[in-house]
Amino acid sequence: MTGSTSVGWYLRRLSRMGPQEVAGRVSDAVRRRRWRSPLPDAPSVTGARFTALLPDRATTAVPPDAAKRLIAEADRLMAGHVEYFGVERDDLVDPDWWYDPKTGRRAPGVHAFDVPYRDEDAIGDVKQIWEPSRHQYLTVLAAAYALTGDERYAERVAEHLRSWWAANPPLHGVHWISGIELGIRLLSWVWIRRLLDGWPGAPGLFEGNPAALHQIWHHQRWLAAFPSRGSSANNHVIAEAAGQFAAACAFGWFPSSARWRADALRSLERHLRSNTFGSGLNRELATEYHGLVLELGLAAVAEADAAGVPLPASVRLVLLRMTDALAAVVDNRLRPPRQGDADDGHGLVVDGEGTDRWASLLATGDAVFGRLDWWPDVTATSVRTPLLAALVRPAAPAVTRPASRPAHFADAGMTILRGPGEIWCRCDGGPHGFLSIAAHAHADALAVEVRHDGVDVLADPGTFCYHGQPEWRQYFRSTLGHNTLRLDGGDQSLSGGPFLWTRHARSSVLAADTSDERVSRWCAEHDGYPRSVHRRRVELTAQTRELRVIDEVRGPRRAAQLAFHLGPAITADLVGNRAHLSWTRDGEDRSAVLDLPQQLNWRAHRGASDPPLGWYSAGFGRKEPTTVLLGDGFADGVQGFTTVLRFRG
């Protein structure tokens, strides 16, 4: 067994489950045993028609620059080139659906329930294997056909779908393990069929194709049988429900379609509510999953409206609040916080490289719900926004929306301080994570993240990896890997595995005042270290463009480390306890001075690997050296640590 699937891990994982979840997982285990018997054939389907079409001339609303990016991306894909998680691949003309080019390993051809997908030594990097089989690159090719009418794109899509269906019969191999993969794949298939509608071969590829019908039916049967449960009911269950709902609406050709559609809608409605704070922020406190869930939810609304399926009012209400919350927390360049895990996951992809994901989400929110006066301006374009908007009936819920831009989200413990010169500061005083395992949380209580005109100055280092490199997974989610205080060399929360926390630090915001334009203040504390309480105060003064961070520890004398991670664009010159910071933005030189607490011994670290220290991950699978300023000393319970960041110019 690997470290993540050892007996100890299973015991720790079991300890985080309640009785109902345990019973559900026992039922799943029994069902898996039964499913090893020969599988049933999909019901015969006659006279099926695909009617969930885009309105006439919907593609004419796509802006020319967005169309140009899409076609350029489609042409790269046609040549076989794609980049997944930092790995440049050239194997997409004739893909091996089970091969990982990163490690050179291939997943075994065994029953799905026997694939050791967490073991990189056995099968390779499972995300490299799974990502092409989400078929989101095929939605890009299908969109290119829809915009150009060039049948080369449609023919490549058909070739690859037929190849995938032949190589991946139900319950055989690595692509039948994880429900989120099946759900996203179904959503991709719905959009592929929609975008290929003008192509004469589309009906024969889907509703007239027994292989396609067999796959669509078995995907939905699998999702109905094995939903994510209990402590795992996070973004995965929303992807499962959204994909199941989309397929049951658009491919509603089977005797079970009505039941699958109703069950998926109930699950989607329930879990959208449970995964979202009342303020609209995602409860996983991982910003990229906020984006993923919002994309999936908006895609589900589009399918419901296209099929004429009534939605509970709460679905649109949650998505409205999520959209307003996103508009509230982005910086002046429309970048959201880099909080918690991020794996570059998307719900629906029909755009080319260079498209701004967050601008596209806000533009879609504007089209569906209407923008508020305080929303940031969105000028970037995308293909996805006009296509989704063409299907959705605009209907903002009858609810009071924020009259001004929110800065403090009490339920999520997030506060955004803003200052002149586009200074942006995120302060974290919220829950450790979502549900009992807090799968996508980092040990980052009271961390700050500071930007100047969209440039990371004090940066959240990101995520980099999930499986296969435990020392890197541990570093990027550790307390040392964030802009906060570490005591006695340990994390604030206790990890039991790469997606499992067995003890959660409890944080509470004591003050958050952004009403005074001259000085914004925030104060919070956490109890993650037994016998000690770490309290942090942050003040942003507009006139002096000064950010002051004061750390206090109540409790016995303990070894302390205070870390400040600089963004990759920042050059630092550390002399004593003062660091001169410089960077360039749009051709202009910028600078700041960081005065660090004198009680600590300060050193700059960059790109160390044993152990990891001084790294920044801009996206999953990618990392680059950056500078971290690390102060070592003692917290004596009496004297606090004061850090001052002054922006110049």
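A cavity is a set of points, on a 1 Å grid over the protein atoms alone, where a 1.4 Å probe fits but cannot get out, and its lining residues have an atom within 4 Å of a point. Grid points are joined across faces, edges and corners, and a volume is the space filled by probe spheres set on the points.

The model is predicted, so local features need pLDDT of at least 70 and side-chain atom pairs count only at pLDDT 80 or more, while totals for chains, interfaces and linings use all residues. Residues are numbered from 1 along each chain as its sequence is written, and side-chain values use heavy atoms, without hydrogens and water.

**Exercise 1.** Describe the second largest cavity and its lining.

Solution. 
Step 1. The second largest cavity holds about 70 Å³ of space.
Step 2. Its lining consists of 14 residues, of which Gly430, His432, Asp444, Ala445 and Ser507 are the closest to its centre.
Step 3. Sorted by class, this lining has five nonpolar, seven polar and two charged residues; here Ala, Val, Leu, Ile, Met, Phe, Trp, Tyr, Cys and Pro count as nonpolar, Asp, Glu, Lys and Arg as charged, and the others, Gly among them, as polar.

**Exercise 2.** State how many cavities of 30 Å³ or more the structure holds, and characterise the largest cavity.

Solution. 
Step 1. There are four cavities of 30 Å³ or more.
Step 2. The volume of the largest cavity is about 90 Å³.
Step 3. Residues lining the largest cavity include Leu281, Asn282, His290, Gln339 and Met414.
Step 4. The lining of the largest cavity has seven nonpolar, four polar and no charged residues.

**Exercise 3.** Determine whether Met78 is buried or exposed, and list its contacts.

Solution. 
Step 1. Met78 lies in helix α3 (residues 64-78).
Step 2. Met78 has a relative accessible area of 13%, and buried means under 20%, exposed over 50% and partly exposed in between (1.4 Å probe, protein chains only).
Step 3. Met78 is therefore buried.
Step 4. Leaving aside residues up to four places away in sequence, Met78 touches Val93, Leu141, Arg152, Tyr153 and Arg156, where contact means heavy atoms within 4.5 Å.

**Exercise 4.** Identify the residues that make the contact between α7 and α8.

Solution. 
Step 1. The helices are α7 (residues 151-167) and α8 (residues 179-195).
Step 2. Val157, Leu161, Trp164 and Trp165 of α7 meet Arg185, Trp189 and Ile192 of α8.
Step 3. By class, this contact has six nonpolar, no polar and one charged residues.

Note on methods:
1 Å grid on protein atoms, 1.4 Å probe; cavity = no way out; pocket = protein on both sides within 12 Å on 5 of 7 lines; lining within 4 Å. Helix = DSSP H or I, 4+ residues; strand = E, 2+ residues; numbered from the N terminus. Axes fitted to C-alpha atoms, helices over the stretch in contact; angles between N-to-C directions.
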